[in-house]
Amino acid sequence: MSLSDSTGHTGTSDLATRYGAGRGKMSPAVQRLLVIGALAVAVATTVWFTISMNVGRLEYQEVGYTIESDTRASVDFEVTKDFEATAQCMLHVLDDSYAIVGARIVTLGPHEGSSEADRSQYYSSQLRTEYRGVTGIVDSCWLVD
């Protein structure tokens, strides 16, 4: 038994023989190309998710309301949707205890436009009420197939 056998130390050549030669290091140029490639894939994925999330998006908000009488009110609202999409919105008129005193579903069909800003349209809708309301809201909007 030799000294290297008893202490557990083996030479580098013994390890290479037993396990094979170690991997060579990548050159800095290859490392740089891999990093640039990974960044390009990350940016492309981010752009793809951003675009796909905005297609078919529907946004809405109430702009104002008018309580015209004990039996009538109007709600003004803005809807942002794709030009060819059809949407429906549920409008409510509420009294001072937040009870619904008037409701209406409004259908908003396709519209013309050429720019991103044209996706937003303003609408006004009249509602009948059972009692005098104090506020008008857009409860929800959804796309219709």
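This is a predicted model: local features need pLDDT of at least 70, side-chain atom pairs count only at pLDDT 80 or more; totals for chains, interfaces and linings use all residues.
1. Two strands are said to pair if DSSP finds at least two bridges between them. The strands S1 and S2 are paired in the antiparallel sense, with 8 bridges between them. Within this pairing, Tyr65 has Val75 of S2 standing opposite, and Gly64 has Asp76 of S2 as its bridge partner.

2. S1 and S2 belong to an open sheet of 3 strands, in the order S1-S2-S5 and with antiparallel pairing. Which strands stand at the edges of this sheet? They are S1 and S5; each has a single partner strand, so one side of each lacks a neighbour in the sheet. On average, neighbouring strands here are turned by 20° against each other, with direction ignored.

3. Another open sheet is formed by 3 strands in the order S4-S3-S6, and its pairing is antiparallel. Its edge strands, S4 and S6, each pair on one side only. From one strand to the next, the twist averages 20°.

4. The pairing of S3 with S4 can be described in detail. S3 covers residues 86-94 and S4 covers residues 100-108, and the two are joined in the antiparallel sense over 8 bridges. Ala87 has Leu108 of S4 as its bridge partner, while Met90 stands opposite Ile105 of S4. The hairpin of S3 and S4 has 5 residues between the strands, and Tyr98 in this hairpin adopts a positive phi near 65°. The reader may wish to locate Tyr98 when viewing this hairpin.

5. How many salt bridges does the model contain? The count comes to 4. One of them joins the side chains of Asp70 and Arg132, with an N to O distance of 3.2 Å. This pair links distant parts of the chain, its members being 62 residues apart: Asp70 lies in the loop between strand S1 (59-67) and strand S2 (72-80), and Arg132 in the loop between strand S5 (120-128) and strand S6 (135-144). Asp70 counts as partly exposed because its relative accessibility is 44%, and Arg132 is likewise partly exposed at 44%.

6. Is Arg119 buried or exposed? With 5% relative accessibility, Arg119 is counted as buried, since the limit for that class is under 20%. Its salt-bridge partner Glu116 has its closest O atom 2.8 Å from the closest N atom of Arg119. Through salt bridges that share partners, Asp82, Glu116 and Arg119 form one network.

7. A further salt bridge is made by the side chains of Arg57 and Glu59, at 3.0 Å from N to O. Arg57 has a relative accessibility of 27% and therefore counts as partly exposed. Glu59 falls in the partly exposed class too, at 39%.

8. A nonpolar patch lies on the surface and consists of Met26, Val30 and Leu34, which together have about 270 Å² of accessible area. Leu34 is part of helix H3, which spans residues 28-54. The relative accessible area of Leu34 is 51%, so this residue is exposed; the class begins over 50%.

9. The final point concerns aromatic side chains. A pair of aromatic rings is described by the distance of the centres and the angle of the planes. The search of the whole structure gives 2 aromatic pairs. In the pair of Trp48 and Phe49, the ring centres are 5.0 Å apart and the planes stand at 65°, so the arrangement is edge-to-face; this follows because planes over 60 degrees apart fall in that class. Trp48 is exposed, at 55% relative accessible area, whereas Phe49 is partly exposed, at 45%.

Definitions and conventions. Residues are numbered from 1 along each chain as its sequence is written. Side-chain values use heavy atoms; hydrogens and water are left out. Helices (H or I, at least four residues) and strands (E, at least two) are DSSP runs, numbered from the N terminus. Buried means under 20% relative accessible area, exposed over 50%, partly exposed in between (1.4 Å probe, protein chains only). Patches are made of residues with over 30% relative accessible area and no salt bridge: like charges are joined within 9 Å, nonpolar side chains (Val, Leu, Ile, Met, Phe, Trp, Tyr) within 5 Å. Accessible areas come from the Shrake-Rupley method with a 1.4 Å probe; for residues, only the protein chains shown count as cover. Rings of Phe, Tyr and Trp (its six-membered ring) pair if their centres lie within 6.5 Å; planes under 30 degrees apart count as stacked, over 60 as edge-to-face and the rest as tilted. Axes are lines fitted to C-alpha atoms, for helices over the stretch in contact, and angles run from 0 to 180 degrees between N-to-C directions.
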